[in-house]
Amino acid sequence: MNPFAFLNNDEYMTPPSAWEAIQKYIPKNKVIWEAFYGDGKSGDVLRTLGFKVIHDEVDFFEINLGDVIVSNPPFSKLPQILKRLAHLNSIVWL
């Protein structure tokens with residue numbers, strides 16, 4: 001197995017334990033946009049933790065939803081994502 005195979009793959013989903021570990025830093029009084037859909041499970045986890053979440057399979061580069069973006073983005077597209085985030089009027093957590 002190639003130990004660097006992950007460098008060519010953006011399919012790394014955030015485990016529930018990671019969301020649980022950072023939940024105290026995410027504002028409960030805001031609508032969270034989990035902007036990168038992945039396998040669709042992170043929205044469910046955030047809802048279970050008590051957050052109001054928008055987690056739909058939409059194009060991040062074409063739409064702006066929620067009050068706060070909390071997501072695990074595809075890091076192969078990081079330059080484009082950072083450029084887009086600079087134009088949005090949202091609080092961002094990646």
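**A close look at one helix**

On the face of α3 directed away from its buried side sit the exposed residues P79, K83, A86 and H87; buried means under 20% relative accessible area, exposed over 50%, and partly exposed in between (1.4 Å probe, protein chains only). The model is a predicted one, in which local features need pLDDT of at least 70 and side-chain atom pairs count only at pLDDT 80 or more, while totals for chains, interfaces and linings use all residues. Residues are numbered from 1 along each chain as its sequence is written, and side-chain values use heavy atoms, with hydrogens and water left out.

The buried residues of α3 are I81, R84 and L85. Viewed down the axis of α3, they fall within an arc of 100°, so they line one face of the helix; the arc is taken over the directions from the helix axis to the C-beta atoms. Helices (H or I, at least four residues) and strands (E, at least two) are DSSP runs numbered from the N terminus.

R84 belongs to α3, which spans residues 78-87. Although R84 is buried, it has no salt bridge, and D59, the nearest side chain of opposite charge, is 7.0 Å away. A salt bridge requires a side-chain nitrogen of Lys or Arg within 4 Å of a carboxyl oxygen of Asp or Glu; for charge, Lys and Arg count as positive and Asp and Glu as negative, with His and the chain ends not counted. A polar atom of the R84 side chain lies 2.7 Å from the backbone oxygen of I63. Neighbours within four places in sequence aside, R84 is in contact (heavy atoms within 4.5 Å) with F60, F61, E62, I63 and N64.

The loop between β3 (68-70) and α3 contains N72. With a relative accessibility of 27%, N72 counts as partly exposed. Its side chain makes a polar contact with that of T14 at 3.0 Å; such a contact is a pair of N or O atoms within 3.5 Å, where within protein one must be able to donate a hydrogen and the other to accept it, and residues adjacent in sequence count only if both atoms are side-chain atoms. Residues up to four places away in sequence not counted, N72 touches Y12, M13, T14, E34 and F36. N72 and F36 are 36 residues apart in sequence, yet their C-alpha atoms are 6.8 Å apart in space.

Helix α2 (residues 41-48) also has a buried side, with S42, G43, V45 and L46 buried. These cover an arc of only 160° around the axis, which puts them on the same side of α2. On the other side, K41 and T48 are exposed. The cover over the buried residues of α2 includes α1 (16-22), β1 (31-33) and β2 (52-54). After α2 comes G50, with a positive phi near 100°.

One salt bridge is found in the whole structure. R47 forms a salt bridge with D44, their closest N and O atoms being 3.2 Å apart. Both lie in α2, three residues apart, about one turn of the helix. R47 is partly exposed at 37% relative accessibility, and D44 is partly exposed at 45%.

Overall, the protein has three helices and four strands, in the order α-β-α-β-β-α-β along the sequence. Of its 94 residues, 30% are buried.
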